[in-house]
Amino acid sequence: MKVRRAENKDIEKILDLLIQVDMVHHNGRPDIFKGPVTKYNAEQLEDIIKDDNRPVFVCVDDDDKVLGHAFCMHQQIQDHKLLTDIKTLYIDDICVDEAARGKGVGRMLYEHVKEYAKEKCFYNITLNVWECNPTAIKFYESMGLKPQKIGMETVL
């Protein structure tokens with residue numbers, strides 16, 4: 001296995017993975033997530049893949065089959081009244097194909113993203129994870145991530 005930047009040839013599998021992500025969220029919070037849908041279409045993915053400020057990484061097997069992806073976004077705070085000027089790499093989405101889970105794909109993706117962030121001199125890596133996804137929470141904690149802030153709600 002190896003991790004590389006996503007290419008247009010990966011779009012079909014990425015779309016499949018995006019549905020898998022959505023269904024995890026839909027199953028956990030059907031009141032919020034419609035399911036089964038993708039948040040991007042193929043044309044949008046083409047634009048994202050070529051955007052250096054929104055790198056997408058894929059983990060592939062020896063036959064170059066996509067096993068998982070990591071969508072990232074460069075974020076920069078500057079001249080904010082309260083916050084310091086920092087450069088953050090935001091992980092918008094990590095997904096490992098259901099058939100490849102437990103084989104180290106997620107760890108490889110995260111470690112690659114972490115190395116990329118270090119090379120590009122980011123201050124930190126952030127992400128959001130839904131409370132209804134305890135498997136993801138446990139994975140991120142095992143990678144050393146800690147809560148930065150907590151979103152709370154009351155459903156009326």
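## Exercises on a predicted fold

Strand E4 is mostly covered, with eight of its 10 residues buried. Buried means under 20% relative accessible area, exposed over 50%, and partly exposed in between (1.4 Å probe, protein chains only). Helices (H or I, at least four residues) and strands (E, at least two) are DSSP runs, numbered from the N terminus.

The model is predicted: local features need pLDDT of at least 70, side-chain atom pairs count only at pLDDT 80 or more, and totals for chains, interfaces and linings use all residues. Residues are numbered from 1 along each chain as its sequence is written, and side-chain values use heavy atoms, with hydrogens and water left out.

**Exercise 1. Give the strand order of the open sheet and state which strands stand at its edges.**

Step 1. The open sheet has five strands in the order E1-E2-E3-E4-E5, with mixed pairing. Two strands pair if DSSP finds at least two bridges between them.

Step 2. Strand E1 (2-5) and strand E5 (124-127) each have a single partner strand, so one side of each is left without a neighbour in the sheet. These two stand at the edges.

Step 3. On average, neighbouring strands of this sheet are turned by 30 degrees against each other, direction ignored.

**Exercise 2. Work through the strand pairs: which run parallel, and which antiparallel?**

Step 1. E1 and E2 run antiparallel, joined by four bridges. Here Arg-4 stands opposite Val-58 in E2.

Step 2. Strand E2 (residues 56-60) pairs with strand E3 (residues 66-76) in the antiparallel sense over five bridges. Val-56 has Phe-71 in E3 as its bridge partner, and Cys-59 stands opposite Gly-68 in E3. The two strands form a hairpin with five residues between them. In its turn, Asp-64 has a positive phi of about 65 degrees.

Step 3. E3 and E4 are antiparallel too, over nine bridges. Ala-70 has Ile-94 in E4 as its bridge partner.

Step 4. E4 and E5 run parallel, joined by four bridges. Ile-91 stands opposite Leu-127 in E5.

**Exercise 3. Which residues cover the two faces of E2?**

Step 1. Val-56, Val-58 and Val-60 lie on one side. Phe-57 and Cys-59 lie on the other.

Step 2. Five of the five residues of E2 are buried.

**Exercise 4. Describe how H1 packs on H2.**

Step 1. Helix H1 (residues 11-28) and helix H2 (residues 42-49) pack at about 110 degrees, with their axes 10 Å apart. Axes are lines fitted to C-alpha atoms, for helices over the stretch in contact, and angles run from 0 to 180 degrees between N-to-C directions.

Step 2. That makes H1 roughly perpendicular to H2 (under 35 degrees is roughly parallel, over 145 roughly antiparallel, 65 to 115 roughly perpendicular, the rest oblique).

Step 3. From H1, Ile-11, Ile-14, Leu-15 and Leu-18 meet Ala-42, Leu-45, Glu-46 and Ile-49 of H2. Contact means heavy atoms within 4.5 Å.

**Exercise 5. Which residues of the largest nonpolar core touch the most other members?**

Step 1. Of its 24 residues, these are Phe-57, Leu-89, Ile-91, Val-105, Leu-109, Val-113 and Ile-125. A nonpolar core is a set of buried Ala, Val, Leu, Ile, Met, Phe, Trp, Tyr and Cys residues joined through side-chain atoms within 4.5 Å.

Step 2. E2, E3, strand E4 (87-96), helix H3 (105-119), E5 and helix H4 (134-142) each supply at least two residues of this core. H3 gives the largest share, six residues.
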